[in-house]
Amino acid sequence: MAGFDKVVSSYEAAMEGLKDGDTIIAGGFGLCGIPEGLIKQIKKMNTKELTVVSNNCGVDDFGLGILLQDKQIKKVIASYVGENALFEQQLLNGEIDVELTPQGTLAEKMRAGGAGIPAFYTATGYGTPVAEGKDVKEFDGRPYILEESITGEFAIVKAWKADRYGNLVFRHTAMNFNPMAATAGKITVAEVEEIVEPGELEPSQIHTPGIYVNRVIKGNFEKRIERVTTRD
């Protein structure tokens, strides 16, 4: 990576610096919009004691789920367990620490972390186990709980297009958590379908400015569908 050019040519270079005990913030929703190759590289590196922040943890043999196979993950902060029997098994056996977080709160934790906001108040979760041990304040007669924001050593995201300066464009529902996640990493790595030259992206169409992105790699995506449904 030289100057403003953030493109790297290998997954090893893309994830260089990841170490045991790091926190990884991952974009994606189910199997939609996930950085498949970056996740496979983390598995290959066999990094341990990781904290993973994502909407869910993939499925048994794809996405973030492959990091559970060798017990690389110590803690997951997610909004639901999803279609992952191994995740459920490790949770019930006490082999992994899971912090279930309301989906909108999780998105705001990432966004706030990226914006330098250490915490925020939300009404979501008040009166439920989510609120246990958290500060409560009333605004206009309604109780709100204090939620801390999230940042990580790495953020890994999947985008449709990027230019060499790291400006990102997401596509349709594959956007999901990716824009928020991209802002919340000390090192943000984007795996993309297409890399174009600076100036080729319409400025008004850029979702994540390159100032947030440290590395860009062109990936080859399987784009597996989590639950295939077809007509009779």
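Please keep in mind that the model is predicted. Asp140 belongs to the loop between strand 6 (136–139) and strand 7 (142–148). Its phi is near 55 degrees, a positive value in a residue other than glycine.

Lys223 also has a positive phi near 55 degrees. You will find Lys223 in the segment after strand 11 (215–218), and with 48% relative accessibility it counts as partly exposed.

Lys223 leads us to the largest pocket, where it is among the residues nearest the centre, together with Cys32, Gly33, Lys158 and Ala174. In total, 15 residues line this pocket, and its space comes to about 190 Å³. The lining is made up of 6 nonpolar, 3 polar and 6 charged residues.

Next, the aromatic rings. The structure has 3 aromatic pairs. In one of them, Phe4 and Tyr165 are tilted, with 5.6 Å between centres and 50 degrees between planes. This pair joins distant parts of the chain, 161 residues apart: Phe4 lies before helix 1 (11–14), and Tyr165 is in the loop between strand 8 (152–163) and strand 9 (168–169). Phe4 is exposed at 63% relative accessible area, while Tyr165 is partly exposed at 40%. Elsewhere, Tyr121, Phe139 and Tyr144 make up one aromatic cluster.

| Charged residue | Ring | Distance from ring centre |
|---|---|---|
| Lys161 | Trp160 | 4.6 Å |
| Arg171 | Trp160 | 4.9 Å |

Key:
Residues are numbered from 1 along each chain as its sequence is written. This is a predicted model: local features need pLDDT of at least 70, side-chain atom pairs count only at pLDDT 80 or more; totals for chains, interfaces and linings use all residues. Side-chain values use heavy atoms; hydrogens and water are left out. On a 1 Å grid over the protein atoms alone, a cavity is a set of points where a 1.4 Å probe fits but cannot get out, and a pocket is an open set with protein on both sides within 12 Å along at least five of seven lines; lining residues have an atom within 4 Å of a point. Grid points are joined across faces, edges and corners, and a volume is the space filled by probe spheres set on the points. Ala, Val, Leu, Ile, Met, Phe, Trp, Tyr, Cys and Pro count as nonpolar, Asp, Glu, Lys and Arg as charged, and the others, Gly among them, as polar. Helices (H or I, at least four residues) and strands (E, at least two) are DSSP runs, numbered from the N terminus. Buried means under 20% relative accessible area, exposed over 50%, partly exposed in between (1.4 Å probe, protein chains only). Rings of Phe, Tyr and Trp (its six-membered ring) pair if their centres lie within 6.5 Å; planes under 30 degrees apart count as stacked, over 60 as edge-to-face and the rest as tilted. A charge sits over a ring if NZ of Lys or CZ of Arg is within 6 Å of the ring centre and within 35 degrees of the ring normal.
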